Amino acid sequence: MKSRRRPYAEQRPQDVGGGVWSVPVPIPGNPLGYTLVYALESPKGPVLVDAGWNHPDAWDALSGGLAAVGIDVSSVSGVVVTHFHPDHAGLAGQVKDVSGAWIAMHEDDAALVRLMHDYAAEEHESFQSDMLRRAGADPGEARQAVSRPTPPALPDRRLRDGDLVDLPGRKLRAVHTPGHTPGHICLHLEDADRLFTGDHVLPDITPHVGIYPYDRDDVDPLGDFLDSLDRVADLGPLDALPAHEWIFPDVAARAAQIRHHHDEKLVRLRALLAQRPEPLTIWEVAAMMTWNRPWDDLSPMLKGMAAGEAAAHLRALEARGEVRRVPGVDPVRFQALDS
Ligand SMILES: [Zn+2]
């Protein structure tokens with residue numbers, strides 16, 4: 001199928017009907033191109049779903065795009081973010097600064113944002129390089145893969161699964177869909193059979209699902225993500241308003257398709273591991289998997305993300321009893337169990 005993806009330059013703010021507008025906000029230097037920020041009408045002032053990347057060009061696109069559909073950014077009453085990532089929550093603080101809006105996010109992502117604020121940059125770097133070493137990255141690559149994220153603004157309101165967002169006259173309910181982040185939420189506009197899907201369900205691509213630190217064995221983000229897809233599929237054939245790409249019908253069908261894609265990927269990884277009986281590091285497994293370009297062409301940062309994804313797949317297979325973690329070795333190693 002030919003991708004319907006169009007560059008940011010071809011995107012325009014749109015009235016998508018029913019008191020909802022979409023405003024494309026660029027993500028400078030990122031192949032994803034843009035975040036779709038949605039504005040919902042409300043008697044107290046519009047509420048935004050996500051806010052976009054924190055960059056002057058993005059701010060101009062957000063405030064200018066809202067103005068183009070008749071909304072003054074200073075009248076915004078609230079920003080509910082689907083998850084804490086910078087292309088979603090980045091501009092929430094600036095919207096709050098000019099409008100006094102509240103910021104809401106799921107409590108699990110709020111806890112991560114709190115942690116990012118509390119961690120000094122140096123602590124963050126040593127944490128990351130240690131995690132990369134334990135995954136089997138070579139020291140040179142590990143040095144280059146370390147990044148220094150800027151934390152988004154702390155939320156004023158913490159949401160839990162099932163909570164209604166403060167949107168008088170309408171019913172916008174948080175649906176906890178962990179996987180892409182622990183506190184990712186979709187937002188169900190129940191009075192209009194629409195679902196704001198954030199990054200959880202996108203029409204053409206699938207979101208990054210990784211595990212950090214890579215060697216954690218107390219969480220299973222890919223397992224959570226697959227359960228969250230089932231959860232969204234159970235909501236029925238709602239219209240999806242995603243944070244990237246384009247609006248599409250029947251979120252349940254797309255959720256089922258993504259679930260199938262990951263189930264197949266897990267089967268392929270299990271088969272790959274069975275051909276390599278010696279215990280492998282997360283880095284070695286990542287290098288064996290198929291990415292959108294050859295492993296050696298990935299930048300250190302992309303290799304770090306690929307390793308996160310490999311780790312999430314290994315952990316999901318471990319949780320299903322199909323691979324085992326070799327005890328007491330550093331870096332951590334995995335091997336297939338006989339089935
Ligand atoms: Zn994201």
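This is a predicted model: local features need pLDDT of at least 70, side-chain atom pairs count only at pLDDT 80 or more; totals for chains, interfaces and linings use all residues.
The zinc ion is held by four protein residues. Its donors are His83 (NE2), His85 (ND1), His180 (NE2) and Asp199 (OD). These atoms lie 2.2 to 2.4 Å from the metal. Along the chain, the donors follow the spacing H-x1-H-x94-H-x18-D. Histidine 85 sits in the loop between β5 (78-80) and α2 (86-89), and aspartate 199 sits in the loop between β10 (194-198) and α7 (221-233), so this pair ties together parts that are 114 residues apart in sequence. Both histidine 85 and aspartate 199 are buried. The geometry of the site is irregular, with angles of 83 to 168° among the 4 donor atoms. For four tetrahedral donors, the ideal angle at a metal is 109.5 degrees.

In soluble globular proteins, nonpolar side chains tend to be buried together. Here, the largest nonpolar core has 50 residues. Those with the most contacts inside this core are Leu132, Tyr214, Leu273, Ile282, Trp283 and Val285. Several helices build the core. At least two residues come from each of α5 (121-134), α6 (139-145), α7, α8 (251-275), α9 (282-288) and α10 (300-319). The most come from α10, which gives 8 residues.

The second largest pocket has a volume of about 190 Å³. Its lining is made of 12 residues. Nearest the centre of this pocket lie Gln11, Gln14, Glu245, Trp246 and Ile247.

Most residues other than glycine have a negative phi, and most peptide bonds are trans. Two cis peptide bonds can be described. One runs from tyrosine 212 to proline 213, with omega near -10°. Proline 213 is placed in the loop between β10 and α7. Another cis bond joins aspartate 330 to proline 331, with omega near 0°. Proline 331 belongs to the loop between β13 (323-325) and β14 (333-336).

Positive phi values occur at two aspartates. Aspartate 50 has a phi of about 65°, and its place is in the loop between β4 (47-49) and α1 (56-68). Aspartate 50 counts as buried because its relative accessibility is 1%, where the cut-off for buried is under 20%. Aspartate 250 has a phi near 60° and is found in the loop between β11 (239-242) and α8. With a relative accessible area of 30%, aspartate 250 is partly exposed.

Methods: Residues are numbered from 1 along each chain as its sequence is written. Side-chain values use heavy atoms; hydrogens and water are left out. Donors are N, O and S atoms within 2.8 Å of the metal (3.2 Å for Na, K and Ca); water is not among the atoms, so sites may look incomplete. Four donors count as tetrahedral if all angles lie between 85 and 135 degrees; four count as square planar and six as octahedral if opposite donors are over 155 degrees apart and all others between 65 and 115; anything else is irregular. Helices (H or I, at least four residues) and strands (E, at least two) are DSSP runs, numbered from the N terminus. Buried means under 20% relative accessible area, exposed over 50%, partly exposed in between (1.4 Å probe, protein chains only). On a 1 Å grid over the protein atoms alone, a cavity is a set of points where a 1.4 Å probe fits but cannot get out, and a pocket is an open set with protein on both sides within 12 Å along at least five of seven lines; lining residues have an atom within 4 Å of a point. Grid points are joined across faces, edges and corners, and a volume is the space filled by probe spheres set on the points. A nonpolar core is a set of buried Ala, Val, Leu, Ile, Met, Phe, Trp, Tyr and Cys residues joined through side-chain atoms within 4.5 Å.
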